[in-house]
Amino acid sequence: MFRNQYDTDVTTWSPAGRLHQVEYAMEAVKQGSAAIGLRSKTYVVLATVNKASSELSAHQKKLFKIDNHIGIAMAGLTADGRVLSRYMRSECINHHFVFESPLPVGRLVVQVADKAQVCTQRSWKRPYGVGLLVAGLDEAGPHLYYNCPSGNYAEYHAFAIGSRSQAAKTYLERKFETFMECTKEELIRHALFAVKESLQEEELSSGNCGVAVVGIDEPFVVLDPKTLQAYIEALDSGKDEMQTIEETGADDRQSSQVPQEGTGSRGISVGASEDTPTDMET
Amino acid sequence: MRWEEEGMKQNAFIMGNKLMGSNPHAFSLIMPSIPITHTQTPYVTGTSVLGIKYKDGVLIAADTAGSYGSTTRYKSVERLRPIGQNTLVGATGEMSDFQTILQILDRLIITNAMFDDDNTLGPPDIHSYLNRVMYNQRNKLDPFWNTLMLGGVKNGVKYLGNVTMLGLHYVDDHVATGFGIHLAQPIFRNEWNEDMTLEQGTKLLEKCMLVLFYRDRSAINKMQIANITEDGVKISEPYALQTKWDYEAFSNPTVGNEGSW
């Protein structure tokens, strides 16, 4: 993205028909640490890469429970994400008060998207700098949505956002057709593998990632570190027996035969690419 | 004096109208000694509604009378209305308030449909929503003068409940409103069971509607029964019940009691 004279205001169109401020907001999402989502017929799993700003600080919280049947993972300006999750929680609880039934996740996603759109059309506002992966249930079953700062939203079988998300996406693209029939444990395993792709040099541990699950008859819950560590350790026992874990780099190459940073073929596209500016028009 | 007050009210009303347009509380705002009031009495009223769950769904019955005080003024009032795909609402009480409630529910259904997704409002959702509407009106000390009955079937779950004008709501296997509470519910308690067929349920409701026709002065012998199943709502055409008036005691009523009638 290069600076130009049409990018100061969100309410100024460029001659090419683009709103640069909105695109810059989407850049902010790409700068945040990765968040991944995938779903089966009965479960949706969200996973995040948790960065700590320094060795002394705790890891950032990027998984939020919105209601018993809805939760989100965010990438980008997590402060904006907290504000949006407060709005979402409020909407859910208001719906529950009036109708005594859970707000269908598709409705909530549309409301968030419309809220985000407002910020792209007011000169005194700025777009939200956070992308949300929304996992939730409605009458038809479990769903995974992505809410973009542009005010767009789309449903996905599996998606990844944030920095180094292309690696995770590549893994998901290869495997997503099997997700529908997966059990909860298999889905979590896939999520952790995808997170692993986004963590280049680091060793996967309960300290630098987070996982949350929601399912039919199972309320949204963020896995506690102990359970998460158990899943991580179980990952290795499920892999090929010929390897020994020395460095994650070697393991990554074995689990995904495609180069990490998306320079190889894309395969089946499950999610809209964030690299080209045509995101907004879709 | 009374007529002076009325005169003052008239003047204040005209003045108020000139100053504040057609605000119905205008003269109360100009003359604070006259308090803002809301209508506290119903005018055109419907009597009991009865409802029971049966094997395949819910049955709700009501007559088609709209009374104007002690007069049976309107004899073809539809007091049972379908809402959405799988719910039915029946009303006792002020019919104009019922019509307003139907408009409110219509707006709700349409707004919900505009989301264009697979999510529909079921009987529990509408029940809760109606409760909020009734309770909020009551909090303004301007209640909708109705007791509403709500029944439906969605995803195999049968639902039946009431909402009163105070904003109280509850569910049960069999419910009634108005006089039905006193005359029909005791019969339900004795004779209702979970596995009634459509015929048995209809017979039970007809028996209770007959009792109400005999004993409730605002009831008429013209009723509708609605059958709500998973497949939808079906309201019957109005029909009459067989009544019996040829009791011996009626043929010579003054025997043993000369001078009576």
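Predicted model: local features only at pLDDT ≥ 70, side-chain atom pairs only at ≥ 80, totals over all residues.

Q: What share of the residues of chain A count as buried?

A: Buried means under 20% relative accessible area. In chain A, 52% of the 282 residues fall in that group. As for its make-up, chain A has seven helices and 10 strands.

Q: How do I read strand pairing, say for β8(B) and β9(B)?

A: Look for the bridges. β8(B) and β9(B) run antiparallel to each other, with seven bridges; in one of them, B:Leu150 is partnered with B:Gly161 of β9(B). The two strands make a hairpin with two residues between them, and B:Asn155 in that turn has a positive phi of about 55 degrees.

Q: Which strand does β9(B) pair with over three bridges?

A: That's β10 of chain B (residues 169-171), again in the antiparallel sense. Here B:Gly161 has B:Val171 as its bridge partner. This hairpin has five residues between the strands, and B:Gly167 takes a positive phi near 85 degrees.

Q: Is strand β9 of chain B enclosed or open?

A: Largely enclosed by the rest of the structure, because five of its seven residues (157-163) are buried.

Q: And is B:Lys140 buried or exposed?

A: Exposed means over 50% relative accessible area. B:Lys140 reaches 53%, so it counts as exposed. You'll find B:Lys140 in the loop between α4 and β8 of chain B.

Key. Residues numbered from 1 in each chain as written. Chains lettered and ligands numbered in written order. Heavy atoms only, no water. Helix = DSSP H or I, 4+ residues; strand = E, 2+ residues; numbered from the N terminus. Buried < 20%, exposed > 50% of the residue type's maximum accessible area, 1.4 Å probe, protein only. Pairing = 2+ DSSP bridges.
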